[in-house]
Amino acid sequence: MIPPRFEYFAPSTLDEAVEILGRYGGEAKVLAGGQSLLPVMKLRLAEPKALVDINRIPNLAYIREDGGWLRIGATSRTNDLNDSDIVKRRYPILTDAAAVIADPLVRNMGTVGGNVSHGDPANDLPACMLALGAQFVVRGPKGTRTIPALSFYQDTFVTALEPDEILTEIQIPTHRAGQGTAYEKLEKRAGDFPIVGVAVSLLHSGRKIESAGIGLTAVGPTALHAKAAGDSLVGQTPGDAAFRRAAELAMQIAQPVTDLRGPAEYKRAMIGVFAQRALKTASKRAGGGA
Amino acid sequence: MDEAEAMPAEAEVGPFARVRVTVNGAPQEAEVETRTLLVHFLRDVLHLTGTHIGCDTTNCGACTILLDGKAVKSCTILAVQADGRQVRTVEGLAEDGKLHPVQEGFVEEHGLQCGFCTPGMMMTTVALLAKNPNPSEDEIRHAISGNLCRCTGYVNIVKAVQYAAKKSRGGGSK
């Protein structure tokens, strides 16, 4: 299958890229890794008039801690998360997720920026971003603005990004002592989209949980923030009882649909199972008090 | 399907771009439609048909090539994205008529039956061994998880990779 025709641009600056996007008024798409965009173009589910390839723009691929944030450049490849020592050591939720996104070949091309901004509820990283309280730096015609992950995901393939804006950096609050994170994904076979996925970030303080973030994959029109589930853990002693209660609250906000990957009720039940697993792993990683 | 029939007549007027890419060490240059996929550029423009088109939907990995040393699916990359970069295909493995250790491994360990997945499987293996010269069976199976084989059940493919790893480390054949 050959994609439909398009004008191709490979600008060398962000400003130029934004200008081209603006010129096409919503008819152009950003090409990063292309691992979601090219397949949907082949299927004619998307027929952009122009592609703006941002891979020639320097300094958009990096992973570093700086100024209170883990900063991930938008064109960092998904596999760069797996190869990053700092991510492996301090943000294991990201390697949990990156290890199960599609397959190793796709991860060599697909970008972190693309995964978080595509808007597919079956992408694995958005739930992690919700759990971690991440924010996204975007560049548009009026300059730079920052959008919290919590208000980024609006509907399936609809995000807070304007058509002439480009996501440039993902910012995740720097790892804190007592913090543990995990992502658990259920898939039918290696490399498949998730049946469900659960992302967890826990902060232990002494023998109690100080704060908790929980995100859900593939059980709604977008990745979902399980706020009540996370809030229920605050002040609790980490352990099965608290985790079971949080998992039940996560199940309540899940909106799974019956499809080839399973019946809705099965998926809801699996949210409960995988939430408990992710909570246990995160708590273990947080150490102290678990 | 006849190639001329498959392409609409107005294909000739589609936006074009010049692509300069080094393939198996040799500089190549051509004017192609912007929508040309890298796999079609390799097969139809450069006539390097060792890279296969399997599913064409980013699943099977038959079209795996190395782009700047990384194993990627050439059915899901535009030729223009490879502009200025290094591509290595299965044709670039053997040197001076001598099989690459990975090719030798697939021969010696019977790592194929129909052979359709083999070029992609071997390119993934080359990238794996460059990064991890002594992979465990688990690491091998994870590395080839984006390359589907419908004949072998993977057992002999894993053996072929292990053979190549040993040979590449200077361990000779087993």
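We're working with a predicted model, where local features need pLDDT of at least 70, side-chain atom pairs count only at pLDDT 80 or more, and totals for chains, interfaces and linings use all residues. Residues are numbered from 1 along each chain as its sequence is written, while chains are lettered from A and ligands numbered from 1 in the order in which they are written.

**Where chain A meets chain B**

- The contact draws on 22 residues of chain A and 23 residues of chain B, with two residues in contact if their C-beta atoms, placed from the backbone, lie within 7 Å.
- On the chain A side, β1 (7-9), α2 (37-42) and α6 (104-109) each bring at least two residues; helices (H or I, at least four residues) and strands (E, at least two) are DSSP runs, numbered from the N terminus.
- The largest share of that side comes from α6(A), with 5 residues.
- By type, the chain A side splits into 13 nonpolar, 5 polar and 4 charged residues. Here Ala, Val, Leu, Ile, Met, Phe, Trp, Tyr, Cys and Pro count as nonpolar, Asp, Glu, Lys and Arg as charged, and the others, Gly among them, as polar.

**Domains**

- Chain A is assigned domain 1 (7-56), domain 2 (63-173) and domain 3 (179-286), with bounds that come from an automatic or database domain assignment.
- Taken over C-alpha atoms, the centres of domain 1 and domain 3 of chain A sit 34 Å apart.
- Chain B gets domain 1 (3-91) and domain 2 (101-168), and their centres, again over C-alpha atoms, are separated by 23 Å.
- Between those two domains of chain B, 16 residues of domain 1 are in contact with 13 residues of domain 2.
- β3 (64-67) and β4 (70-73) of chain B each supply at least two residues of the domain 1 side, and β3(B) gives the most, with 3 residues.
- That domain 1 side of chain B has 7 nonpolar, 8 polar and 1 charged residues.

**The nonpolar core**

- The largest nonpolar core has 139 residues, and C128(A), A199(A), I214(A), A246(A), A250(A) and I271(A) touch the most other members.
- Such a core is a set of buried Ala, Val, Leu, Ile, Met, Phe, Trp, Tyr and Cys residues joined through C-beta atoms within 7 Å; buried means that 20 or more other C-beta atoms lie within 10 Å of a residue's own, with C-beta atoms placed from the backbone.
- Helix α11 (residues 264-286) of chain A gives the most to this core, with 8 residues.
- Beyond its neighbours within four places in sequence, A199(A) has contacts that include I93(A), C128(A), Y183(A), I214(A) and A278(A).

**The sheet in chain B**

- Five strands make an open, mixed sheet in the order β2-β1-β5-β3-β4 (chain B), where two strands pair if DSSP finds at least two bridges between them.
- β2 (26-33) and β4 of chain B are the edge strands, each pairing on one side only.
- β3(B) and β4(B) run antiparallel and are joined by 4 bridges; L66(B) stands opposite A71(B), and I65(B) has V72(B) as its bridge partner.
- Their hairpin has 2 residues between the strands, and D68(B) takes a positive phi near 50° there.

How values were computed
Buried ≥ 20, exposed ≤ 12 C-beta atoms within 10 Å, placed from the backbone.
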